[in-house]
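Try each task yourself before reading its solution.

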Amino acid sequence: MDISVEFAGIRLANPVFTASGTCGYGDELAGFMDINALGGFVTKSITLKPRKGNATPRIVETDSGMLNAIGWANVGLDAFVEEKLPILEKFSAAVFVNVAGETLDEYVTVVERLASEGAIAGFELNVSCPNVVRGGISFGTEPAQVAEITSAVKKAVGEKVLMVKLSPCVTDISEIARAAVDGGGDALSLVNTFTAMVIDIEKREPVLANRTGGLSGPAIKPIAVYLVNKVYNEVAKNKGVPILGSGGIRTATDAIEFIIAGASAVAVGTANFIEPGCAVKIVEGIKKYCAAHNIKDIKELVGSLG
Ligand SMILES: Cc1cc2nc3c(=O)[nH]c(=O)nc-3n(C[C@H](O)[C@H](O)[C@H](O)COP(=O)(O)O)c2cc1C
């Protein structure tokens, strides 16, 4: 069963990715899943310099989900190039590097350095992280700023695909999506996590040292499906820009919901912590669904909501 898809000009073996920050740089989960069985892989956010991230505790489980406030803990650009790229080079899955920064220049510098690397299919611009003081979501809530950062990075990506990752924590996500596309984004990725809080009632303090974190997992799935459908109808469909949908995907049924809502591909995040390898099962489940419904091309399913 062929479930290959075209995504912003790249042919993917199937429409399933892992989501940024939930599978490290590829080797961390290699013992649990065959990354090459997936269509794509998104790295943990990379910044110019290494970052330790926020103080702990920085994750807490919730009903049907989790909060994280990792704060871009990552090896930094130089170590990424030296130590991680050689691992990623071996993958047949399309590799997207998630890029983050505290300033516009930082985003541009990271992308400029990586744009000529053959192992990389494209970039996911993180303008939606709720867990850092500077950068992240602060770049992703104002349409003019989103357009500015997207067009600055677009000049640095060369032939690679530029995908912009959107926050759900805005008044109108379609406005932000439009700004990203107008700024030169080739694809949209949504959603990042929802800013949230868990309180320790004995201490009367937030559980996370950062006080707030980003909510992810099955709890956010129906909201994410709604937002993907909204952005598909209001922006992506007319502009011909594909969506990478994420938010609580755990099963093939979840993934197919996102595709019917308008996503051309899906990313699996939090579910990797519960069932590493579920992304590969999702690929198989989508194949079964397509066979059972006589779907010859995944394109027929994208945005087919009645
Ligand atoms: C522990 C953890 C770390 C994450 N780190 C990043 C990150 O570095 N960059 C980013 O753009 N998104 C990051 N995310 C967000 C995910 O990529 C994804 O967009 C979000 O969690 C929704 O999908 P899910 O419900 O399947 O996890 C992280 C999520 C989790 C749970």
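Helices (H or I, at least four residues) and strands (E, at least two) are DSSP runs, numbered from the N terminus, and the expected span of a helix is 1.5 Å times one less than its number of residues. This is a predicted model, in which local features need pLDDT of at least 70 and side-chain atom pairs count only at pLDDT 80 or more, while totals for chains, interfaces and linings use all residues. Residues are numbered from 1 along each chain as its sequence is written, and side-chain values use heavy atoms, with hydrogens and water left out.

**Exercise 1. The span and faces of α3**

Task: Compare the reach of helix α3 with its expected span, then work out which residues of α3 are buried and which are exposed.

Solution: 
- Step 1. Helix α3 covers residues 143-157, 15 residues in total. From first C-alpha to last it reaches 21 Å, close to the expected 21 Å at 1.5 Å a residue.
- Step 2. Sort by relative accessible area: buried is under 20%, exposed is over 50%, and partly exposed is in between (1.4 Å probe, protein chains only). The buried residues in α3 are Val146, Ile149, Thr150, Ala152, Val153, Ala156 and Val157.
- Step 3. Looking down the axis of α3, these buried residues fall within an arc of 165°, so they line one face of the helix. The arc is that of the directions from the helix axis to the C-beta atoms.
- Step 4. Ala144 and Lys155 are exposed on the other side of α3.
- Step 5. Next, list the partners, with contact meaning heavy atoms within 4.5 Å. The buried residues of α3 pack against α2 (104-114), β8 (122-126), β9 (161-165) and α4 (173-182).

**Exercise 2. Pockets and a cavity**

Task: Describe the volume and the lining of the largest pocket, then turn to the second largest pocket and the largest cavity.

Solution: 
- Step 1. Rolling a probe the size of a water molecule over the atoms shows where empty space is left. On a 1 Å grid over the protein atoms alone, a cavity is a set of points where a 1.4 Å probe fits but cannot get out, and a pocket is an open set with protein on both sides within 12 Å along at least five of seven lines; lining residues have an atom within 4 Å of a point. Grid points are joined across faces, edges and corners, and a volume is the space filled by probe spheres set on the points.
- Step 2. The largest pocket holds about 760 Å³ of space. Of its 41 lining residues, Ser20, Gly21, Thr22, Asn68 and Phe273 lie nearest its centre.
- Step 3. At least two lining residues of the largest pocket come from each of β5 (59-62), β6 (65-68) and α7 (271-274).
- Step 4. The second largest pocket has a volume of about 180 Å³. Strand β1 (residues 5-7) gives the largest share of its lining, 3 residues.
- Step 5. The count gives 1 cavity of 30 Å³ or more, and the largest cavity has about 40 Å³ of space. Its lining consists of Ala19, Ser20, Val42, Glu124, Lys165, Ser189, Leu244, Ser246 and Ala267.
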